[in-house]
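Welcome, and please take a moment to look over the chain before reading on. We will go through its parts one step at a time.

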Amino acid sequence: MTPTVYEWLRQSPLTGIFLTLLAYRVALSISRRYHGHPLANTVLVGAGLLITSLLALGLSFDEYFRGASFIQFLLGPVTVALAIPLYNNLARLKRSAFAILCSIVVGSVAGVASAVLIATAFDMPPQIVLSLAPRSATTPIAIGVAEAIGGIPTLAAAFVIVTGIIGAVLARPLLTLLRMNDEVVLGVATGIAAHGIGTARVFQVSETAGAFAGLAMGLTGFVTAVVAPLLVHFLLS
């Protein structure tokens, strides 16, 4: 690769867009080839391919994100669009509203408490503990919460991504093992534990599960933003 072409690749926003779409397309093909096996998760495989590509090309995250930010911008409209399948399941939502709300509150509290208590038990530095606390919320909320309680925002974002990937890989097999095959249960549990990454995964399973995962993801973010600072102060005081 000549220096001129290499510099163009480093500076062009098209590089980030192309690498992201290519990694996703290859990951999607692999997932379909293995019939949606948990270890062939699209986000897990796609992230691995993308990281490998950036390392091979010697591109920094800032150079990559110059183009990838356009794709991130689409997350807003996509999140709003989750209301459409939820509206199509409005009758089921009304029947299960109280149970779903209780599940989200309990799951959000358990997510924050378990992260803080386990990290403290392993004697992790305080800033890491505080960065772990909002790991089950979506990235923008987790970053804001971590910054407010004294954590490291970039580290919190990394924990969110890892949590989402683990949740997306394990949620469906775990519920199958527990013989819980209801789509609403799958959606709510995944949305609480694995936010947007898990929501994208269960949308591949069914639209109903994806709709309830989107609802749980949004409400979990809200509950976490309210509860996390209070719960962290209580647990660490």
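This is a predicted model: local features need pLDDT of at least 70, side-chain atom pairs count only at pLDDT 80 or more; totals for chains, interfaces and linings use all residues.

Two residues are said to be in contact here when they have heavy atoms within 4.5 Å of each other.

In helix 11, the residues Glu183, Val184, Leu186, Gly187, Val188, Gly191, Ile192, His195, Gly196, Thr199, Val202 and Phe203 meet a set from helix 12, including Glu207, Phe212, Met217 and Thr220. Sorted by class, this contact has 12 nonpolar, nine polar and two charged residues. How do the two helices cross? The axes of helix 11 and helix 12, the latter spanning residues 207-236, come within 6 Å at an angle of roughly 75°. An angle from 65 to 115 degrees counts as roughly perpendicular, so helix 11 and helix 12 are roughly perpendicular to each other.

Helix 11 (residues 183-203) also packs against helix 7 (residues 90-121), and here the angle is about 30° with the axes 10 Å apart. Helix 7 and helix 11 are therefore roughly parallel to each other, and helix 7 passes helix 11 in a right-handed crossing. Helix 7 brings Arg92, Ile100, Ser103, Ile104, Gly107 and Ser108 to this contact, while helix 11 brings Glu183, Val184, Val188 and Ile192. By class, those residues are five nonpolar, three polar and two charged.

Now move to another pair. Helix 2 (residues 13-33) and helix 3 (residues 42-57) pack with their axes 8 Å apart, at an angle of about 140°. That angle makes helix 2 oblique to helix 3, and helix 2 passes helix 3 in a right-handed crossing. Among the residues that meet are Leu19, Ala23, Tyr24 and Ile30 in helix 2, and Val45, Gly46, Leu49 and Leu57 in helix 3. This contact has 12 nonpolar and five polar residues, with no charged ones.

Finally, step back to the whole chain. Which domains does it divide into? Domain 1 covers 3-73 and domain 2 covers 80-236. Taken over C-alpha atoms, the centres of domain 1 and domain 2 lie 25 Å apart. Eight residues from domain 1 and seven residues from domain 2 take part in the contact.

The size of an interface is often given as the accessible area lost when the parts come together. Between domain 1 and domain 2, about 640 Å² is buried, and carbon and sulfur atoms give 64% of that area. Pro38, Asn41 and Val43 supply 60% of what domain 1 buries against domain 2, more than any other three residues.

Conventions:
Residues are numbered from 1 along each chain as its sequence is written. Side-chain values use heavy atoms; hydrogens and water are left out. Axes are lines fitted to C-alpha atoms, for helices over the stretch in contact, and angles run from 0 to 180 degrees between N-to-C directions. Helices (H or I, at least four residues) and strands (E, at least two) are DSSP runs, numbered from the N terminus. Angles under 35 degrees count as roughly parallel, over 145 as roughly antiparallel, 65 to 115 as roughly perpendicular and the rest as oblique. A crossing is left-handed if the near helix is turned anticlockwise from the far one by less than a right angle, and right-handed if clockwise. Ala, Val, Leu, Ile, Met, Phe, Trp, Tyr, Cys and Pro count as nonpolar, Asp, Glu, Lys and Arg as charged, and the others, Gly among them, as polar. Domain bounds come from an automatic or database domain assignment. Buried area is the accessible area (1.4 Å probe) that two parts lose on being put together, summed over both.
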